Amino acid sequence: MNKPDPIERECLYNLNRRHFFSRMSQGIGGVALASLLNPSLLMGAPSPAFNDASLDGVLKTLHFAPKAKRVIYLFQSGGPSQYELFDHKPLLRKKNGDELPDSVRQGQRLTGMTANQESFPLAGSQYDFHPAGQNGTMISELLPYTSKIVDDICIVKSMYTEAINHDPAITFFQTGSQQPGRPSFGSWLSYGLGSMNQNLPTFCVLLSRGTGRPGDQPLYARLWGNGFLHSLHQGVQFRSGKDPVLYLQNPPGVTGMTRRHWLDQLNRLNHLQQEELGDPEITTRIAQYEMAYRMQTSVPETMDISSEPDWVFKMYGPDSLTPGTYAANCLLARRLIERDVRFVQLYHMGWDQHFDLPGAIGRQAYDTDQASAALVMDLKQRGLLDETLVIWGGEFGRTNYSQGKLTKTDYGRDHHPRCFSLWMAGGGIKPGMVYGETDDYGYNIVKDPVHVHDLQATLLRLFGVDHEKLIFKHQGRRFRLTDVHGHVIDDLLA
Amino acid sequence: MFENFHLFLGRFHPLVLHLPIGLLAGVFVLELAAWRGKLQALQVAVPFLLKLSALTAVVSAVLGYMLAQSGDYDPTLVTWHQWSGIALAAATLALLFVQQRASTAVYQGVLLATGGLLALTGHLGGTLTHGSDYLTAYFPGNSTRVVSDLTLPDSLQTVGAARVFDDLILPLVSSRCGECHSTEKQKGELTLTTRAGWEDGGKEGELLVAGNAFSSLFFRRIILPRDHKDAMPPEGKRALSAEEVALLGWWINEGASYESRVDDLEPDPKVAAALDALRPTNPLLALDLDMPRPQRLQALQEAGIAATQLSEEEPFVSVRLTHRSDLDAGLLGRLEPLADQITELYLGHSNVDDELVTSLRAFKYLQRLHLENTAITDVGLRSLEAFTYLRYLNLYGTSVSDSGLDALAVLPHLSNLYLWQTNVTRAGVERLLAQQPRLTVDQGIVVEELFGASKLGTPQIIADKALFTDSLTVTIGFPLEGTALYYTLDGSEPTDQSPLYTNPLLLTGSTLVKVQARREGWDDSDVGSSSFVKVGRAVQTLTLRDSPSERYAGDGPATLIDLQLGDQNFRSGAWLGFEGGDLVGTLDLGESAVVHNVTVSCLEDVNAWIFYPVGLTVSVSEDGSTFREVGARTYPPTADFGAASMQKYILSLDVPQEARFVRVHVRGQRTLPEWHPNEGSEAWLFVDEVLVD
């Protein structure tokens, strides 16, 4: 017997259920056995258990009534220092220069950058704190605009993580695992909840470099990757410049009309193949081509901020006029959310301030403060904030002792995973609240700790998802964003 | 027509599965009956029954597998049920085999094991179909009553009128503690679901000490650390939240009166926030609406209408038709089969107008309605009077005005109203608030009040390269159209008398371009400046004695003569990085020429261990093999931390030299200085360009 050629073999392999039933000679038992060996053979219509490639989410109905429907995650990459921004520690100023007591450190491991340091002098913040909002929450003078929205945000001072270096820590925050390879938070939401939108990706990513430390570590696309989920769930990076989404515009010499004819013919071929094989991947492929075609119009329209009135730029700050800055990205985030994009992920680099912290954090705060506050206010007045979750925070905190020499005006801080601060607003988060406490040295958590997995579980809960039930079976194991951990923090929910 | 045939067959699983259960039970009964020698005549039927059992068990397992493909069931449970079912089918076959071939003892053992598997599989299957609490729901003592937590009874308009005990505390405590302390089940002889129970206290005595929460037994037990053995609710049950505890403590401290209302007690800021946040339970829940039919939802989705059931707990449906310009009465009419379930309607940025709004009447249970940026006016608002359950209404960016708000005054549940960018005045809002005290109205922020005077961003001066040999086109970019961009080319500061930028500038010589943006209502921008240098002579080739670090190798040695400068990002590829060493490069000018200056452009970023050079030596040669030194400079090493910066090191020869080959030796700092925390490690030298003129 001749060996079938590979394409033919593939076709045979992909024979769908219909063919089995039309060949009754094989009998029901054969069908069942075949499907045990390869479940996809029995799949006529795409079923969510095995195919996550449709624009609808895998969850037909949510587990709980959702409070949040969209999210803007303002990721502050590098690990912002909590002592200069949110966690007011007068004791550190009083004991400025004193040695970090062993009773506080308790043998905590340090990074290679300070582990060999001879002394660990405590470093108090160079910046003053002032009470803000109805509850008199203490906020740093570096954040004058954030202090104006204190009544709308919830500050968590008791975040903690397991990782101590950037790559594993960011990966942990974004995917629930320190090892690369798992889907990002946005991909999980896209997989679970589907798209609200036919013209733009469900998960959009915007990057900016801070002025605090312009040469700070770069980021990598796997942070917004889909891991083992279908690739349509991966984040799509929007860049500043004339080609916001790579490979989207027609190549030179190809007109829109040519593209349309080309797509029509391709669709016809794909439909034929679909008829023949019944493979749901082909349907997805057709949908993706059409989505890309529509994005040729929708992306430039979204990125074109020239229609925004003057005062919008005043609100987000002058940086918002410069494409690629954090402020410009905040404005774009609002425009994407208005167009029903579910997940907008910003990354702002430059918070990794091992040296020259007082200067660098001032510049970083200047980069982000006004635009972040403006974004929250803008969403609020548009009636979007109650269903849009805004998160501002990094991957870990910084040490209460100085890395390198502590001088009157200068010090640095190393990575600190045991406590750090972030804030959230809207989307069913309790506003105007401070959650969790650290000790007077700001080194350990003394009340209401929130692990990264707890935060992830809580965020999923806001979206109406039980974090233990949004799963994907891969290589014989059921995976979740929260792995086998995570507790919903009820006190954070409005 | 056959694509779902396996699901059709699968649904026969619940029918067929009872056959092997009954038949196997029959085998048990017959074997039991024949056990002590009585009724042994019945045993002849056993092989026949076993064969039937095996056949039906296998069929049942196959059908069950097909049913599982629907994905309608909990995947974990399905997996367990699937494999125990397959094992049961296999066990039945094995039983048939050993009954005929093996000893009685073996047969009896397998029979018992099969029985166990049967019970397990049956139970798992039952749990899949009916839920895990089906069996135990009516078990004596199990309360199935669901009382919500801290909520406000719908009859009350404001929290002030709520009775603290009856309206707030009793429902909360009943829901959280009633499982063990109810009239049905009185652990510790305590009932917390009735007022009498509270007054009686429990085994350990009185519950409350009026006026002193910390002396009250009840309060002390709920504030114990969670891992304490006496903490209530006990481990494994959800703890009371901080606000709930605060409310209970407040009530006890204020006298623990069973009659008082919220307004009667001294306000406490800690509790006030929690009380203010109280909202009545959703009044729609009391109506017991039907769940939406999945086919109806699917029909809408297939028609391109995003309709989703909000959660599996509740029947409510959300429909999203934003940014659509093709809405008409016909399309909205397609939603009507779900009129009893649709509670959220997103119509923002669409072509909805006053007339189309009238076709929304059928959706009487709407709670959230988005009409922002539509053509709706005061006339259309009158149609909204019918939506008695409406809580959220977004009208921002419409032309509604004060007179239209009267229609909203009658909506009893309205709590959030968005009126930014409408014709509604502050006075109009005040009038509405007088009638609707619980309403929150958002009229938008006043940018000028919250945000200080804004300075324009610095205009961007854009050119292909900073260095050029012939001429260079420079454009000035500014994102806000209609902004005046004043520029100078002579190094002076731009003023409003300077030339106004309209078209790209053509530079034919070394130029310092300065530009400033000005616009009414804004502060003038900072002056942006960029210098562009005309290079007299292009270097033909450059060879390096030592290769740069592989990580920072740019496009090779040519990177240093490509007339492209780098920025502060040392990873950009425009920089060549040398670790712990120097740069020694030999430039070939192609022909003999007079050399006046040698320029080396360097980067410093001490946090990244990158330092400026400490010395520069220039030698020249005619033949490329014998060089003579013609100039040398040393530079002071950097003494402290600072932000990243770039600098050009220019060495002007005392006597211009005629030569074809120029050798440049840039001496790096080599090791980190003693003030650096990583003292002694190798320092980096970063160079992006070497120029000769």
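Predicted model: local features only at pLDDT ≥ 70, side-chain atom pairs only at ≥ 80, totals over all residues.

Entry 1, a salt bridge in chain A. I started with E290(A), which pairs with R260(A) in a salt bridge, closest N and O atoms 2.9 Å apart. E290(A) sits in helix 9 (residues 280–303) of chain A and R260(A) in helix 8 (residues 256–277) of chain A, so the pair ties together parts 30 residues apart in sequence. Is E290(A) buried or exposed? I looked up its relative accessible area: 17%, so E290(A) is buried, the cut-off being under 20%.

I picked D230(B) with K229(B), where N to O is 3.8 Å. D230(B) is partly exposed at 28% relative accessibility, while K229(B) is exposed at 74%.

Next came R426(B) and E430(B), whose side chains meet at 3.3 Å, N to O. Both belong to helix 16 (residues 426–435) of chain B and are four residues apart, so about one helical turn separates them. R426(B) has a relative accessible area of 47% and is partly exposed; E430(B), at 44%, is partly exposed too. I also found a network in chain A, joined by salt bridges that share partners: E301(A), E308(A), R334(A), R335(A), E338(A), R339(A), D378(A) and R382(A).

What does W423(A) touch, leaving out residues up to four places away in sequence? My list for W423(A) includes F86(A), I149(A), I153(A), S372(A), V376(A) and W392(A).

I got 71 residues from chain B and 66 residues from chain A in the contact. Between them the chains bury about 5,800 Å², 57% of it on carbon and sulfur atoms. How many salt bridges run between chain B and chain A? The count is five, and one I looked up joins R368(B) and E387(A) at 3.2 Å, N to O. Polar contacts between chain B and chain A come to 20 residue pairs, both residues at pLDDT 80 or more. On the side of chain B that touches chain A, helix 5 (residues 75–101) of chain B supplies the largest share, four residues. I sorted that side of chain B into 28 nonpolar, 26 polar and 17 charged residues.

Terms used. Residues numbered from 1 in each chain as written. Chains lettered and ligands numbered in written order. Heavy atoms only, no water. Contact = heavy atoms within 4.5 Å. Buried area = accessible area lost by both parts, 1.4 Å probe. Salt bridge = Lys/Arg side-chain N within 4 Å of Asp/Glu carboxyl O. Polar contact = N/O pair within 3.5 Å; in protein donor to acceptor, adjacent residues only side chain to side chain. Helix = DSSP H or I, 4+ residues; strand = E, 2+ residues; numbered from the N terminus. Nonpolar A, V, L, I, M, F, W, Y, C, P; charged D, E, K, R; others polar. Buried < 20%, exposed > 50% of the residue type's maximum accessible area, 1.4 Å probe, protein only.
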